[in-house]
Amino acid sequence: MAGSRFTNGIWEIPYEWQFRKGHSMKRLLTIAVLAALTGALSAGERDVVKPLIEDKLIPVRLTQQEMTGGEIDRRIIDLVYKNYMVLNLDRDWLDMFKNRTDRGDTYNVYYGIGKVLDAGSLFAQYTGDPEVAQRTQYIMDQLRASRDPDGYLGFWNVEPNNHQNVVNWILHEQEYFNLALVRNYRTTGNPQSLADARVMADYIMRSFPANENGEHVIPAGTSIAGITEGFVELYRVTGEKKYLDFARNLRYEPHWYYLKPFEAWKENISKANFHVYVMLSHMYPDTELYRLLGGDDYLKKSLWMKQELLEQGRGALLVTGSTSEGEGFTYNQQGAGAIEESCVTAYFLRWIDSLLRLEGDMRYGDVMERTIYNALFGAQSPDGRHICYFTPFTGKRSFQSHDTFCCNGNFRRAVAELPQKVYYRTQDGGIALNLFTNSDKKFDVNGKTVAIKEETRYPSSGEVKLTFTCSEPVEFAFRFRTPRWAEGIACAVSDVPCALTKSQLGYAEIKRLWKSGDILTISMPIHWRFVRGRMIQEGRVALLRGPILFTFSEKWNAEVLKKCPVPRDLVLDPASIGDPILDDSVRPNGQKVVVKAWTNPERTGDPVDVVLTEFVDPDGIDVYFKIPDLHDTKSIPVVDDELLSEPRQSANGEITMAWYGPKGDSTWNDLFTIDGELIADLAADYQNPQGKQNVPAVFPDKSTSGSWSLFNCKNNALLSTAKESDRKQLNSKFKVDGCPAGYAYGLEGGAGLGFFADYTPAESMEENWGRHYSRDMFDRFIPADQRGEFLITHPIADVDSYNVIRWTPGSQLPSKIIGISGKLYTNPGGNGVSLKLVNWKDDKTPVVLDVLNLEQGQKGTGARQSEFVVHINPSDLGKHIDIAIGNNGNYVCDATALRLRVYATDKRHETFGVDVTKKVQSVFKGKFKTDLGKYADLFGDPAPGQEKSLKLRVQDMGGNVKYMELPENAPIELP
């Protein structure tokens with residue numbers, strides 16, 4: 001071919017021959033070259049830097065011709081031709097770079113062209129389609145044409161000191177473009193791609209020169225998710241140390257812990273709710289740095305994250321195989337709202353695959369397949385066109401109407417990478433099968449050609465048939481993953497059963513002399529199992545079959561929803577669950593099952609038929625349900641999630657109160673419960689103004705001699721001493737946007753100021769308001785039979801102001817012992833809230849009874865919650881009791897649900913012992929087991945001569961409150 005040359009085992013063809021439509025011979029040549037490239041390329045083939053640490057499993061990339069017909073191939077092809085090939089590249093991406101504009105006051109703009117290009121290179125390699133390759137080349141050509149002579153690439157005009165790069169996400173475009181160019185070079189060998197990658201990387205390096213410590217500091221407000229990965233990859237294919245040095249010496253302020261050494265990183269990450277996508281996007285290239293340089297420091301973050309995600313009993317991995325809440329790290333198993341960012345799912349798969357290759361542990365494949373068949377494919381619309389930013393498993397999914405931004409791009413990249421996760425080679429030349437899907441792949445084994453044809457209906461069936469065709473008989477070890485959910489796996493070679501020995505690393509291995517015509521059959525019986533819910537899902541179960549999670553379909557269960565509007569309240573009858581039914585409505589060879597279920601917890605009345613479908617069903621709205629008995633496994637096993645296999649090391653919760661004193665009974669009446677007559681109940685006493693105007697928020701309590709009143713107050717919530725200008729009696733004439741005046745006592749000024757309201761939505765409430773604050777928020781945490789006990793309040797955004805609930809005791813009460821019991825939930829987003837109880841001895845003398853802070857980023861909590869009990873003896877009861885709720889910041893979405901009750905009794909409240917909360921918290925370091933030593937040395941002796949115990953109130957990662965009583969000198973072992 002004129003103008004072409006054969007280099008490094010491939011043909012390099014001029015661009016006008018490679019990617020231009022036209023002459024049929026050129027098209028045929030393009031197809032031939034693509035076929036040669038995709039067939040020959042193996043991991044690391046273009047690397048000039050060889051790893052110091054070799055993988056125990058080396059990935060094998062398959063093409064579309066080599067894995068046609070399975071569910072994974074179908075998903076890839078749908079994404080290629082129904083998404084990637086119909087994108088409006090010019091309008092939605094390239095025109096922004098070709099026709100730059102002044103930034104002005106604009107922030108937070110991102111298109112994600114590098115991610116599109118990265119996926120495109122892999123799609124071209126997979127399909128061998130010149131049209132796909134041409135489209136990918138077009139992106140590179142157009143971006144190169146828009147590039148400035150100094151290498152600047154962006155959609156905003158250049159500003160002094162290149163400030164446009166650090167405002168937010170232009171660097172994010174540049175870092176992923178750099179990475180995508182390296183990937184394109186890997187898949188095509190095109191030297192122009194590598195040259196362009198150097199230009200982009202050199203420009204980034206000049207933008208962030210080294211300081212006197214050799215550090216390249218990225219300023220605050222700049223996204224850095226893909227920067228390390230791109231520079232590590234560029235170093236591997238060029239060998240130029242400057243790229244490695246840049247990757248190793250990046251620093252990011254103020255979020256420096258994303259890149260700093262492990263100990264500083266762990267100390268910060270473990271205390272707050274940080275961005276999971278960014279965390280994983282740096283752990284993955286850290287594993288690559290470990291391969292190149294060795295040194296355990298590059299693995300420590302990954303090993304910590306593996307522990308936090310997969311730890312027995314408390315791992316943060318969701319049942320769908322992904323994680324994140326509102327893009328942040330969380331343990332609480334929340335399923336509704338902004339759950340499972342697709343960027344997290346994509347990088348989770350990439351990172352898990354990297355650990356699998358490093359460790360040779362095929363149990364990671366169990367995690368991988370759960371993620372692929374649920375979280376990943378569940379984020380793709382059945383027609384292949386649209387993608388979810390978040391994929392909740394409680395509530396409806398929302399597919400994005402636009403094609404830009406990060407999650408669309410990272411989703412395409414993750415799906416495009418699946419063909420390299422099917423087969424791996426072992427270090428001794430063997431072959432390992434990880435993902436079960438139709439394929440037909442040729443391998444070189446000791447100079448012999450071995451073709452393996454895999455036929456299966458997986459994941460609908462666990463039957464797998466592998467036919468071997470060998471150029472000559474050849475001995476090697478063939479491994480296949482043995483999923484932990486599969487019991488009684490059997491296999492045979494040419495109908496002769498094999499003695500199957502499972503490795504602790506999740507695979508079985510057959511070493512023999514393989515010859516043409518050998519047929520290996522693998523039978524993995526797929527049965528139903530219930531996986532126990534954890535954290536906020538405690539007491540419920542999810543139904544799985546193999547790697548597939550099943551969901552309650554809104555479409556198939558319209559009549560059920562009329563009887564039970566909240567599907568998670570359904571009680572499934574395990575004995576009614578039979579074989580799955582073929583259902584092609586969402587995917588070919590899909591499944592559904594009909595289950596009998598009761599619509600109330602008492603299981604009265606006739607059960608109804610409930611249809612559960614595979615999680616990829618976009619009409620699925622919940623996956624956790626109740627069953628009559630969590631310990632009854634006669635019909636279907638009830639098991640802990642097999643993916644959570646890391647040994648328990650950390651505590652599943654935090655100690656919120658500790659009391660040391662005489663040993664008490666199990667009810668702990670003196671500390672946490674109240675006896676007496678119920679004289680006030682905020683939610684029950686609340687009076688709706690029913691549309692009337694100018695109704696003050698004042699209403700009698702249950703005793704009818706006292707009263708409730710609602711205020712807004714500054715002055716640190718000290719209502720009685722506040723100036724008139726700093727306090728406001730709530731009145732029904734004020735209306736907040738979205739909340740009808742007939743329903744709530746609002747605050748003057750419109751949206752953002754807040755309101756009080758009954759918990760149960762009134763008929764006049766606007767539908768979206770009720771859905772947001774009821775079904776989508778607190779219904780997930782508060783059992784149905786308790787919802788009427790709570791009142792919702794929305795603390796105003798101004799941190800100087802509080803919503804104040806004032807209870808004024810009746811005249812007969814000062815002689816009584818008063819007990820106040822409260823439980824408070826706040827939504828997981830925003831700033832968190834604080835609650836303060838103030839006893840006014842008179843209008844001048846406030847006594848603070850209790851202070852609760854439900855802070856933003858509190859580790860491991862979802863709808864953060866706390867409980868309190870306050871006892872007031874007769875001589876101490878004041879003129880008013882105020883319960884003040886404040887917003888800890890300026891973010892308006894901090895709704896709370898508050899249960900507040902007041903009791904009166906003649907039994908005097910006395911407690912013996914001491915509050916040792918702070919001492920216990922200072923010693924307790926979050927480990928699964930903490931030895932406190934001798935209690936007397938730590939706490940003193942509050943009750944000489946009596947048997948004593950340590951009483952703990954513990955809030956677990958899901959927000960559930962539990963109580964423990966420990967005998968003298970016992971270590972703390974949290975449940």
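## Helix 13

In this predicted model, the buried residues of helix 13 are Tyr 298, Leu 299, Lys 301, Ser 302, Trp 304, Met 305, Lys 306, Gln 307, Glu 308, Leu 309 and Leu 310. Buried means under 20% relative accessible area, exposed means over 50%, and partly exposed lies in between, with a 1.4 Å probe and protein chains only. Because eleven of its 14 residues are buried, helix 13 is largely enclosed by the rest of the structure.

Helix 13 covers residues 297-310. Its end C-alpha atoms are 21 Å apart, which agrees with the 20 Å that its 14 residues should span at 1.5 Å a residue. The expected span is 1.5 Å times one less than the number of residues in the helix. Helices (H or I, at least four residues) and strands (E, at least two) are DSSP runs, numbered from the N terminus.

## Basis of the model

Residues are numbered from 1 along each chain as its sequence is written. The model is predicted, so local features need pLDDT of at least 70 and side-chain atom pairs count only at pLDDT 80 or more, while totals for chains, interfaces and linings use all residues; side-chain values use heavy atoms, with hydrogens and water left out.

## The chain as a whole

The protein chain has 22 helices and 44 strands. Of its 975 residues, 60% count as buried. Its accessible surface comes to about 36900 Å², and carbon and sulfur atoms hold 49% of that area. Accessible areas come from the Shrake-Rupley method with a 1.4 Å probe; for residues, only the protein chains shown count as cover.

Among contacts in the protein chain with a separation of 6 or more, 72% are between residues 24 or more positions apart. Contact means heavy atoms within 4.5 Å.

## Helix 3

Helix 3 (residues 71-82) has twelve residues, and from its first C-alpha to its last it reaches 16 Å, close to the 16 Å expected at 1.5 Å a residue. Nine of the twelve residues are buried, and the helix is mostly covered. The buried residues are Glu 71, Ile 72, Asp 73, Arg 74, Arg 75, Ile 76, Asp 78, Leu 79 and Val 80. They pack against helix 5 (113-127), helix 6 (130-146), helix 15 (363-378) and helix 16 (406-416).

An open sheet is formed by five strands in the order 3-6-7-11-14, with mixed pairing. Strand 3 (57-60) and strand 14 (507-514) are the edge strands, and each pairs on one side only. From one strand to the next the twist averages 30°. Axes are lines fitted to C-alpha atoms, for helices over the stretch in contact, and angles run from 0 to 180 degrees between N-to-C directions.

Strand 6 (residues 423-426) and strand 7 (residues 431-433) run antiparallel and are joined by three bridges. Tyr 423 has Leu 433 in strand 7 as its bridge partner. Two strands pair if DSSP finds at least two bridges between them.

Thr 456 belongs to strand 9 (residues 448-456). With a relative accessible area of 15%, Thr 456 is buried. Its side chain reaches the backbone nitrogen of Tyr 458 at 3.0 Å and the backbone oxygen of Glu 463 at 2.8 Å. Beyond its neighbours within four places in sequence, Thr 456 is in contact with Phe 436, Thr 437, Asn 438, Ser 461, Glu 463 and Val 464.

A hairpin of six residues joins strand 9 to strand 10. The two strands run antiparallel and share seven bridges, and Thr 456 stands opposite Val 464 in strand 10. In a regular strand the side chains alternate between the two faces of the sheet. Strand 10 (residues 463-470) has a covered face made of Val 464, Leu 466, Phe 468 and Cys 470, and an uncovered face made of Glu 463, Lys 465, Thr 467 and Thr 469. Five bridges also join strand 10 to strand 15 (residues 519-523), which run antiparallel. There, Val 464 has Ile 522 as its bridge partner in strand 15.

Four strands form an open antiparallel sheet in the order 40-25-42-43. Strand 40 (914-915) and strand 43 (961-967) each have a single partner strand, so one side of each is left without a neighbour in the sheet. Strand 42 (residues 948-955) is joined to strand 43 by seven bridges, and the two run antiparallel. Val 954 has Lys 962 in strand 43 as its bridge partner.

Asp 937 lies in helix 22 (residues 935-939) and counts as exposed, at 66% relative accessibility. Asp 937 and Asn 969 are 32 residues apart in sequence, and their C-alpha atoms are 10.0 Å apart in space.

Technical notes. A polar contact is a pair of N or O atoms within 3.5 Å; within protein, one must be able to donate a hydrogen and the other to accept it, and residues adjacent in sequence count only if both atoms are side-chain atoms.
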